[in-house]
Amino acid sequence: MEKKKEQWGSRLGFIFAAIGSAVGLGNIWRFPTVVGQNGGGAFVLVYLGMVFVVGIPVMLVEIALGRATQRNVVGVFKKLRPGTPWVRVGVLGVAAGFIILSFYSVIAGWSLAYIFKFLQGDFLHLSPSEIAQTFGDLVASPVTPILWQGLFLALTMGIVILGVARGIERWSKVLMPMLFMLLLILIARSLTLDGAREGVYWLLRPDFASINFDTVLTALGQVFFSLSLGMGAMITYGSYLSRREDIPKSAITIALADMAVAILAGLIIIPAVFAFGLDPESGPPLIYITLPAVFQNIPLGSFFGVLFFVLLSTAALTSAISLLEVVVAYWVGELKWSRTGATLLAGLGAFVLGIPSSLSNGVLADYTVAGFPFLDLMDALTANILLPLGGLLLVVFAGWVWGGKELVAAVEGEAGRFPLGGVWAVLVRWLLPLALAYILLSGLWPGS
Ligand code: TRP
């Protein structure tokens, strides 16, 4: 009865799809925002350090778990430790995927809307405060952003329905090269603006005095979010990978590409913001208010505006695909649903769950939890709590319950020796569980 398991068609297909998952709103919207709010260069440095010490090791764990079992996030635990509570870690991952997809599609929907706003010249001759007003009107509307969110989810579902090789891989191979080209064009534009240099300084010059515990927690959340870790996206993508592929090489490629795009996006946005004397600390609206204000002031600004929001939408699409695929792979693999049925239901679920996030900028603006509007709450809950918690449980499982000796063997597969395997295994068994547990506990009980 067992249908043949889906597989990537090529090594590059996997790499493109995984980079597509990693590179998204996290790099282009979230990274410049959190850098702006956390003092610039110092945060960047903490972030980069954490990519190497936490991000890449956790990514190796996820890809290895997926490939060794060839199962979805829940299936991994059912196969390795059937009938134990570990299965719930998989369920937690699926839940986190749903929540992220719900608010992610709202923000991506704004990006789609902006492509059309720039095409129509809606921002021409507006002052920054009028642009802020336009953005405010868009997100506060009870209907329009929900329609854009629905359109974004429909595109995502369309690709996931086509399957792993014919949908996800094929589209990633088209969209990712396009994204890199757009990045390069925009960066050339931004860095040649008068006054851009100050922004480059601010982004890259570390001010160690501004590093504190919050910086560390925020950087950790950003690492998990940006590299798509902690909820099984890389487990799922790893499950379609052949035993001959070199996992360490792939993980390093993916992490470096993700880091590069975050820094490049920072180099597009922050210098432009400085060049026009705007505020890099303006928070989440940075790219929806501040950046259009910049584009209004440069020749061919509407053109660059369209390019930027095509870039952002593309990056978001390949990431949303991976979020949806985690849920779909679970329902197809464990509940034996059809891919089409699972995709439609999961997409619809994320759409409905996203509505409160969308409305939290309008009619629900007054309902906050601990000071967070709903959308911000979902973002903080997943990035700062659920993903690091998922990561903690995954390293404990891999290092102590499953792994030990098999751990390095699982990463190596048939691809040859992993020279840093010993160091990595120590990280997974000792340093990461302790560090993640410490950061999570201190973050959840401030002052303790
Ligand atoms: N990494 C993506 C981004 O930076 C978002 C994302 C996709 C994600 N899949 C994920 C985040 C899985 C966490 C887990 O925008």
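User: Which residues are linked with Glu325 in a network of salt bridges?

Analyst: Happy to start there. This is a predicted model, where local features need pLDDT of at least 70 and side-chain atom pairs count only at pLDDT 80 or more, while totals for chains, interfaces and linings use all residues. Residues are numbered from 1 along each chain as its sequence is written, and side-chain values use heavy atoms, with hydrogens and water left out. A salt bridge is a side-chain nitrogen of Lys or Arg within 4 Å of a carboxyl oxygen of Asp or Glu, and the network that includes Glu325 also holds Glu6 and Arg339.

User: What is the N to O distance between Glu325 and Arg339?

Analyst: Helices here are DSSP runs (H or I, at least four residues), numbered from the N terminus. Glu325 lies in helix 14 and Arg339 in helix 15 (residues 339-359), 14 residues apart. Glu325 is buried at 0% relative accessible area, where buried means under 20%, exposed over 50% and partly exposed in between (1.4 Å probe, protein chains only). Arg339 is buried too, at 14%, and the N to O distance of their salt bridge is 3.0 Å.

User: How many salt bridges does a search of the whole structure find?

Analyst: One of them joins the side chains of Asp379 and Arg30 at 3.0 Å, N to O. That pair links helix 16 (residues 374-402) with helix 2 (residues 25-37), 349 residues apart. The search of the whole structure gives a total of seven.

User: Is Arg30 buried or exposed?

Analyst: Its partner in the salt bridge is Asp379, which is buried with a relative accessible area of 11%. Arg30 has a relative accessibility of 6%, so the word for Arg30 is buried.

User: Which residue meets Lys78 in a salt bridge?

Analyst: Lys78 is partly exposed, at 39% relative accessibility. The side chain that meets Lys78, at 3.5 Å from N to O, belongs to Glu334.

User: Which residues gather in the patch of positive charge on the surface?

Analyst: Patches are made of residues with over 30% relative accessible area and no salt bridge, with like charges joined within 9 Å and nonpolar side chains (Val, Leu, Ile, Met, Phe, Trp, Tyr) within 5 Å. Lys79, in helix 4 (residues 73-80), is partly exposed at 41%. The positive patch brings together Lys5, Arg71, Lys79 and Lys336.

User: Which helix gives the most to the nonpolar patch?

Analyst: The patch covers about 880 Å², and among its residues are Phe52, Ile252, Trp400 and Leu434. Helix 3 (41-69), helix 12 (247-275) and helix 18 (421-444) each supply at least two residues. Leu434 is exposed at 58% relative accessibility. With four residues, the one that gives the most is helix 18.

User: What does Phe309 touch, not counting residues up to four places away in sequence?

Analyst: Phe309 sits in helix 14 and is buried, at 0% relative accessibility. Contact means heavy atoms within 4.5 Å. By that rule, Phe309 touches Ser111, Tyr114, Ile115, Phe118, Ile287 and Tyr288.

User: And which residues is Ser226 in contact with, leaving aside its neighbours within four places in sequence?

Analyst: Ser226 belongs to helix 10 (residues 213-226). The residue is buried, with a relative accessible area of 1%. With those neighbours set aside, the contacts of Ser226 are Ala22, Asn27, Tyr47 and Asp258.

Note on methods:
Accessible areas come from the Shrake-Rupley method with a 1.4 Å probe; for residues, only the protein chains shown count as cover. Lys and Arg count as positive and Asp and Glu as negative; His and the chain ends are not counted. The place of a charge is taken as NZ of Lys, CZ of Arg, CG of Asp or CD of Glu.
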